[in-house]
Every structure is written in C-alpha cells, then in structure tokens.
Amino acid sequence: MDASTDWTEDRKQRIRAALRDRAEQDLQASRQAAAAQASAARLDEDASYDADALSQSDEAGELSGLQDDAVARQERLLAQIDELDLSVREAAGPGAVVAFGGDHYLVGVVAGELDVDGVRIEGIAADSPVAAAIAGKRAGETFTVNGVEQRLDLVV
C-alpha cells in the first residue's frame, strides 16, 4: 500500500486498532505491577515486624499508589483513542493523519511509533505545540515550530 495515497477511514481504523492493542497491553502490565506492589505492601496483622520491614511495606504502598496512577493514565489513553473522530478530513486537527518531514503522525493522542500498513506512525498530543501549529492547515501549507518551517505533505 502506498504510504502517501489510499488513505481511507478503514485504514485509519486500523491505526486505532493498533493503538488500542498497544494501550491494552500497557494497561494490563500496569495493572499487574499495581497488584504486585499492593501485595508487597500488605503485612500480616498478627505478626510483629522490625523497622526495616515496616519501612519496606510503606515504600511498597507508595509505589502501589504510583502504579495506580499509571493504570489511570492508561485507562484515559484508551478513552482518548476510542473518542477520536478518525473520519477522513482535509484540515489538520484531532483524528487527522498528517505527514511532514518524511514522517506520519496521528493528531490527538500521544503514542510511540507504530507500523500500520507498512507506514510508521507516531501520535501527537492534541495540546502539543505541533498540533497547535498545524491546526486547520491543509496539505501543502506550511507551519513553523521552534523556528523551523515545515510543509504538510499529507492531511487525511
């Protein structure tokens, strides 16, 4: 499949599916880590413990809270992925796939590099400087971020 043409809503839905798969895997890993930390924080109420064991339990409890935060972030990411309008469009904004500088991006969700239909795609947060600079722009238009001018090669 050509990287710069043949962009359909179905193809964009495959991007969503790949994002969901990765986010669900990350969520599962976060849930497992949170459960492990919560388990490490529990002490048998009928036993006595020295200061070191109590300190380790407290630390595991704090780490459990951090893991719970990671779970909540992953759940919010899944919701963002599900809420993105991935209809084909002419102007850049959340849900658009854009290309510039030889790379492809999905606007509206933070994501590391994915390969979909032979195209590497990364996510751009909707509130990022790049998203703000390209908002409403069409393919062929230019934008500037950090003093560097770029041209949008693709907006769908």
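1. The side chain of Lys12 reaches the backbone oxygen of Leu86 at 3.4 Å. That falls under the polar contact rule: a pair of N or O atoms within 3.5 Å, where within protein one must be able to donate a hydrogen and the other to accept it, and residues adjacent in sequence count only if both atoms are side-chain atoms. Lys12 lies in helix H1, residues 9–41. Helices (H or I, at least four residues) and strands (E, at least two) are DSSP runs, numbered from the N terminus.

2. A word on the basis. This is a predicted model, in which local features need pLDDT of at least 70 and side-chain atom pairs count only at pLDDT 80 or more, while totals for chains, interfaces and linings use all residues. Residues are numbered from 1 along each chain as its sequence is written, and side-chain values use heavy atoms, with hydrogens and water left out.

3. Which side chain of opposite charge is nearest to Lys12? It is Asp85, 6.9 Å away. Lys12 is buried yet has no salt bridge. Buried means under 20% relative accessible area, exposed over 50%, partly exposed in between (1.4 Å probe, protein chains only). A salt bridge is a side-chain nitrogen of Lys or Arg within 4 Å of a carboxyl oxygen of Asp or Glu. For charge, Lys and Arg count as positive and Asp and Glu as negative; His and the chain ends are not counted.

4. Lys12 has partners from several parts of the chain. Leaving aside neighbours within four places in sequence, Lys12 is in contact (heavy atoms within 4.5 Å) with Trp7, Leu86, Ser87, Val88, Arg89, Gly95, Ala96, Val97 and Val156.

5. Now the overall layout. From the N terminus, the elements run α-α-β-β-β-β-α-β-β-β. Of its 156 residues, 35% count as buried. Among contacts between residues at least 6 apart in sequence, 56% join residues at least 24 apart.

6. Leu27 is also found in helix H1. Its relative accessible area is 6%, so Leu27 is buried. Leu27 and Gln74 are 47 residues apart in sequence, yet 5.4 Å apart in space, C-alpha to C-alpha. Not counting residues up to four places away in sequence, Leu27 touches Val71, Gln74, Glu75 and Leu78.

7. Five strands form an open sheet in the order E3-E4-E2-E1-E7, with mixed pairing. The edge strands are E3 and E7 (154–155); each pairs on one side only. Two strands pair if DSSP finds at least two bridges between them. Strands of a sheet pair through backbone hydrogen bonds, either parallel or antiparallel.

8. Take the sheet pair by pair. E3 and E4 run antiparallel and are joined by three bridges; Val116 stands opposite Val119 in E4. E2 and E4 run parallel over four bridges, with Val107 opposite Ile124 in E4. E1 (residues 97–100) and E2 run antiparallel, also over four bridges. There, Val97 stands opposite Leu106 in E2. Strand E2 (residues 103–107) is mostly covered, with four of its five residues buried.

9. How many residues has the largest nonpolar core? The count is 23. Such a core is a set of buried Ala, Val, Leu, Ile, Met, Phe, Trp, Tyr and Cys residues joined through side-chain atoms within 4.5 Å. Those with the most contacts inside it are Trp7, Ile15, Leu19, Val97, Leu106, Val109 and Ile121. H1, helix H2 (51–83), E1, E3 and E4 each supply at least two residues. H1 gives the most, with five.

10. Most residues other than glycine have a negative phi. Asp117 is not a glycine, but has a positive phi of about 55°. Asp117 sits in the loop between strand E3 (114–116) and strand E4 (119–124). Its relative accessibility is 27%, so Asp117 counts as partly exposed. In the hairpin of E1 and E2, which has two residues between the strands, Gly101 takes a positive phi near 60°.

11. E5 and E6 pair in the antiparallel sense over four bridges, and the bridge partner of Thr142 in E6 is Arg151. In this hairpin, which has two residues between the strands, Asn146 takes a positive phi near 55°. With a relative accessible area of 76%, Asn146 is exposed.
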